[in-house]
Amino acid sequence: MPEDQDGLYLLLERIQQEDQQALGELYDATVNRLFGFVLKLTTNKQLAEEIVSDVYLQVWRTATSFEAERANPIGWLLMMARSRAIDALRRETSRTKNQEPIPEHFDAPDLESPEPFMTTLGVERGSMLEESLQLLNEQQRQMIGLAFYRDMSHREIAEYTGEPLGTVKTTLRRSQAILRGAMTKSNLIKGDYYEQA
């Protein structure tokens, strides 16, 4: 497991040739440093783990964009991690900036125990969505996930995946049309009129 810069350069060359074992070796050689760096920025262990995981996914997808004359391997990894950490912190801040703390005496509803009807409805819709997602190819599923579960903009998805912005927009539009068609068909077949009420 190389830890020196020369060894890391060699690993990146192998990753550029789609050598999965090289990615694992790069991970083993650099993950502690990367995680420590991200944790200092975010002070959130779970968020740091997600960011570090995303960085190695980005390494796999964009290794060919690494330019040895512009940065060394560790510098390149830390730069990606820093960028992702800042984006994640901005998203967290924008989600919580308008929230007001709930007073201790406030009688908040029990959100942990939804009504049985809503639980059943959620399970049915969840399984329909899961089935519908199987109609998408891997790229479409990834972009839908980034857009709706990671709350990324079209531009952020383009930067993350390395795809042109126009391709991202087209892929998301087609994916949504496929999902909408599949979900609508499922609702009609199963007699689900909840959203029409």
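Asp-54 is buried in this predicted model, because its relative accessibility is 10%, under the 20% limit for a buried residue. The residue belongs to helix H3, which spans residues 45–62. Its side chain makes a polar contact of 3.5 Å with the side chain of Tyr-160. Leaving aside residues up to four places away in sequence, Asp-54 touches Arg-84, Arg-150 and Tyr-160.

**Helix H1**

Helix H1 comprises 12 residues, 5–16. From its first C-alpha to its last it reaches 17 Å, which is close to the 16 Å expected at 1.5 Å a residue. The buried residues of H1 are Gly-7, Leu-8, Leu-11, Leu-12 and Ile-15. These residues lie on the same side of H1, because they cover an arc of only 140° around the axis. Asp-6 and Leu-10, on the other side of the helix, are exposed. Just after H1, Glu-18 adopts a positive phi of about 65°.

**Salt bridges**

Side chains of opposite charge can pair when their charged atoms come close. The structure contains five salt bridges, including those in the table.

| Salt bridge | N to O distance |
|---|---|
| Arg-14 and Asp-19 | 3.0 Å |
| Arg-14 and Glu-25 | 3.3 Å |
| Glu-156 and Arg-91 | 3.9 Å |

Arg-14 takes part in a salt bridge with Asp-19 and in another with Glu-25.

Glu-156 is partly exposed, with a relative accessible area of 25%, whereas Arg-91 counts as buried at 17% relative accessibility. Through shared partners, salt bridges join Arg-14, Asp-19 and Glu-25 into one network.

In soluble globular proteins, nonpolar side chains tend to be buried together. The largest nonpolar core in this model has 28 residues, of which Ile-15, Leu-26, Leu-34, Val-55 and Val-59 touch the most other members. Helices H1, H2, H3 and H4 are the elements that give two or more residues to this core. The greatest contribution comes from H4, with eight residues.

Val-59 illustrates the contacts made by one of these residues. Not counting residues up to four places away in sequence, Val-59 touches Leu-12, Ile-15, Leu-23, Leu-26, Trp-76, Leu-77 and Met-80. Leu-12 and Ile-15 are among the buried residues of H1.

A second, separate core has 13 residues, including Leu-133, Ile-144, Ala-147 and Leu-172.

**Helix H6**

Ile-144 and Ala-147 are also among the buried residues of helix H6 (residues 138–148). Gln-140, Gln-142, Met-143, Gly-145 and Leu-146 are buried in this helix as well. At the start of H6, a side-chain oxygen of Asn-137 comes to within 3.1 Å of the backbone nitrogen of Gln-139.

Terms used. Residues are numbered from 1 along each chain as its sequence is written. This is a predicted model: local features need pLDDT of at least 70, side-chain atom pairs count only at pLDDT 80 or more; totals for chains, interfaces and linings use all residues. Side-chain values use heavy atoms; hydrogens and water are left out. Helices (H or I, at least four residues) and strands (E, at least two) are DSSP runs, numbered from the N terminus. Buried means under 20% relative accessible area, exposed over 50%, partly exposed in between (1.4 Å probe, protein chains only). A polar contact is a pair of N or O atoms within 3.5 Å; within protein, one must be able to donate a hydrogen and the other to accept it, and residues adjacent in sequence count only if both atoms are side-chain atoms. Contact means heavy atoms within 4.5 Å. The expected span of a helix is 1.5 Å times one less than its number of residues. The arc is that of the directions from the helix axis to the C-beta atoms. A salt bridge is a side-chain nitrogen of Lys or Arg within 4 Å of a carboxyl oxygen of Asp or Glu. A nonpolar core is a set of buried Ala, Val, Leu, Ile, Met, Phe, Trp, Tyr and Cys residues joined through side-chain atoms within 4.5 Å.
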